[in-house]
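Please read the points below with the structure open beside you.

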Amino acid sequence: MPRLSSAELVARYDVMLLDSYGVLVDEHGPLAGAAAFLARLDAAGRRWMVLSNDASRLPETSVARYQARGLPITADRLMTSGDLIGPHFAERGLAGRRCVVLGPSDSHALVEQAGGVLVPIDHDGPQVVVICDDAGYPFRETIETLVSTLYARIGDGHRVDLVLPNPDLVYPSGPGRFALTAGSVARLVEEALALRWPDDPPRFVALGKPHRAMFAHAQQRLAIEPSDRVVMVGDQLATDVAGALSAGLDAVLVATGVGDPRQLPKTGPRPTAWMPGVD
């Protein structure tokens, strides 16, 4: 697997899809070289967009956060898994249904904008559960209440749609630090549901990377043509790399996040190339 420099990456590709955490930022701010890398893309006339599995913030919140950290990311250059909640609700006919949302206030706003009717976690008749984040609620009490509600609700024969905008299990929170996120919360709930319904356990529908919708929406927004050379630059094999490859795109793994280019699995998705980081 070849190693690329930022200059080689820019020379090789016309369009860059960039992961956020682990590539450009962590919880403490921009990673070294991130601002210079985006300036390099602009100077070379490259089209680029940030594709983030984050569903904990409204687009305007994320844009303000990036710009306060010195990164020139505007609304037209950002797509998050939260952007997919509206299309998913429309496709599945979930608008107007009672929704329990796990996440901070912006996550609730995203579901409300999609047409969901918000109800509290202890409501006895939720029709949709959306797990957007691991924060914004008392964790143990919320999960225990949710599992108890789902046992009763599904056990009585009611349909409950389970939605997971952010399938990430782990994200880089700081130098040498990693944290769990929404995908791990959903997996915990799924394991609890599988104890009650082992033959046909209820599962969450995941929306963000590695699933095709994220890449299809990005390709549409960027007006990508078949002749364009497109690459996904990310830090996770299971989401960034696997998703890009399944969409027919090249994938570059950076070594500044979760994935380690020295520890690739013998089977499964393999990056087109790797980089130590962006600069």
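1. A charge sits over a ring if NZ of Lys or CZ of Arg is within 6 Å of the ring centre and within 35 degrees of the ring normal. In this predicted model, the charged end of R196 lies over the ring of Y151, at 4.1 Å from the ring centre. The charged end of R196 also sits over the ring of W197, with 6.0 Å to that centre.

2. A pair of aromatic rings is described by the distance of the centres and the angle of the planes. The search of the whole structure gives 3 aromatic pairs. One of them is Y137 with F139: the centres are 6.3 Å apart and the planes meet at 20°, so this pair is stacked. Y137 is buried, because its relative accessibility is 15% and the limit for buried is under 20%. F139, at 37%, is partly exposed.

3. Y151 and W197 make an edge-to-face pair, with 5.9 Å between centres and 90° between planes. Y151 belongs to helix α6 (residues 139-155), while W197 is in the loop between α7 (182-196) and β12 (205-206), so the pair ties together parts 46 residues apart in sequence.

4. Which residues of helix α9 (residues 237-246) are buried? They are L237, T239, D240, V241, G243 and A244. An α-helix has 3.6 residues a turn, so residues three or four places apart point the same way. The buried residues of α9 pack against α8 (212-221), β13 (230-234) and β14 (250-254).

5. Just after α9 comes G248, which has a positive phi of about 80°.

Key
Residues numbered from 1 in each chain as written. Predicted model: local features only at pLDDT ≥ 70, side-chain atom pairs only at ≥ 80, totals over all residues. Heavy atoms only, no water. Phe/Tyr/Trp six-rings, centres within 6.5 Å; stacked < 30°, edge-to-face > 60°. Buried < 20%, exposed > 50% of the residue type's maximum accessible area, 1.4 Å probe, protein only. Helix = DSSP H or I, 4+ residues; strand = E, 2+ residues; numbered from the N terminus. Contact = heavy atoms within 4.5 Å.
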